[in-house]
Amino acid sequence: MTPKMAACDASKDGQDSILEPLCFPEQPADGTSAPSLQGPGSELLVCLFCPESVPLQQKDLLLKHLLLEHKLVIADVKLIADLPKYMLYWKGRFLEQPVTDFCSVIKTNSTGPVEKQEDYFLLCDVLPEDRILRERLQQKRLEEVLEQQQAERDDSSFHHVCMFCSEEFTGNRSSLLNHMAREHSFSIGLPDNIVYCKQFLETLQNKLDNLQCLYCEKTFRDKTTLKDHMRKKAHRRINASNHEYDRFYVINYLELGKTWEEVQSEDDRELVDDEDDDWSDWQAHPVSAVCLFCDHQSETMDQIYTHMKEAHGFDLHKLRTELNLRFYQQVKLVNFIRRQIHQSRCYGCQEKFDSREDAVRHIVADGHVMKLPDVSTWNQPQYYFPTYENDALLCTLSDSDEDEGDEVNHGEDVPVIAEDISNLRALKQTSVLNQLLKNRSSSS
């Protein structure tokens, strides 16, 4: 879910200033226990038997009160999607009928003297009415979350300031989230996976205002020390084990009381014993490839190629065929174009602009989309290394048809370190390491 490397902005003199791989926004990751999906609020939890009530955030006090004063235990409280409504429902039902009609009775010290025996009541989803209530609350909560998420996706009045550079963003929330991921190597996940985005950003901003690292959550004496710590320790990410963040990710609401990790990994053991080998309905995990020229993402490579061709006039397949590009030449070309556009520079004429948007407008308007510089400009070893370390576009490149089985041509494009040690003595005598050792011995 999080970027691993940082990159600095393009320098004023136009020199190549990308020091380390960048990173596209990724899926949020990790989570090891049931998510805490109840947001901070002023809702009250009422006792099922008496006027006692507490704020939602102090639910443990009420659960303790139910146990000690009324001998009642509610099973799997953490799996209840809306605890206040759950409590109100059963408070009403207990006024209509005795508790023994709904709860299992557990007798303590059953073999001891009668005066020392006590009856405790267990309210759980073994009771069909309780199970139906829990499922209905879960379904209602999911509908509310999806409705909220859609409203945020369609909201064009979003306004927020970047917590790292104070740049203001107005319009769709994705512009700010993509900016933080690209420019500051800080990603909280893809915008479409986020809900209650403003509260999420405010939560993170409060931590930074309190000089707290977002990952290790240590507190520092000043902002400069905090900034250096997060950069050097690669802590420009959130702490996935902090379940305060769970309520901001839609996947945590999809199934009753289960985290995204449990939803994705469950039931694999059942598949081992399944003798039905029909894979006709199997679908590959979406790759989320990003366009070379804008922030558009597609779940299949055909879609991203079609988008680049129709929206920007860029046809990578045509370039591959016309220039007879082998696999690693395509890799270097993609990384070259990524880097030039990140630095707000036209890759065709090398003209520098104030922003990436200006550079892309120039590239399209002046017909430079399919205009590549001399091959010596981009066919350089430095472009073996990805500009964005999680660039899914690189994973789908392929050789042209006539080169797919031709390994000899690849040798011209890729430096290969041989493993042949048949002439070991000659290898030792001509080894660079051997010469370095001699130089070191003579200097000492």
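Visitor: How many salt bridges does the structure hold?
Guide: There are 22 salt bridges, a salt bridge being a side-chain nitrogen of Lys or Arg within 4 Å of a carboxyl oxygen of Asp or Glu. This is a predicted model, where local features need pLDDT of at least 70, side-chain atom pairs count only at pLDDT 80 or more, and totals for chains, interfaces and linings use all residues. Residues are numbered from 1 along each chain as its sequence is written, and side-chain values use heavy atoms, leaving out hydrogens and water.

Visitor: Which residue does aspartate 119 meet in a salt bridge?
Guide: Lysine 107, at 2.9 Å from N to O. Aspartate 119 is in strand S5 and lysine 107 in strand S4, so the pair ties together parts twelve residues apart in sequence. Strands here are DSSP runs of E with at least two residues, helices are runs of H or I with at least four, and both are numbered from the N terminus.

Visitor: And how exposed is aspartate 119?
Guide: Aspartate 119 is partly exposed, at 34% relative accessibility. Buried means under 20% relative accessible area, exposed over 50%, and partly exposed in between (1.4 Å probe, protein chains only). Lysine 107 is also partly exposed, at 44%.

Visitor: How do S4 and S5 pair?
Guide: In the antiparallel sense, over five bridges; two strands count as paired if DSSP finds at least two bridges between them. Valine 105 stands opposite phenylalanine 121 in S5.

Visitor: What order do the strands of that open sheet have?
Guide: The order is S3-S5-S4, with mixed pairing. S3 (72–74) and S4 (104–108) are at the edges with a single partner strand each, so one side of each has no neighbour in the sheet.

Visitor: Switching to helices, which residues of H5 are buried?
Guide: Cys197, Phe200, Leu201, Thr203, Leu204, Lys207 and Leu208. Seen down the axis of H5, they fall within an arc of 155 degrees, so they line one face of the helix; the arc is that of the directions from the helix axis to the C-beta atoms.

Visitor: What covers them?
Guide: The cover includes helix H3 (128–154), strand S6 (158–161), helix H4 (173–184) and helix H6 (223–232), with contact meaning heavy atoms within 4.5 Å.

Visitor: Back to charges: which residues are linked in a network of salt bridges?
Guide: Asp82, Lys85, Lys140, Arg141 and Glu144 are linked that way.
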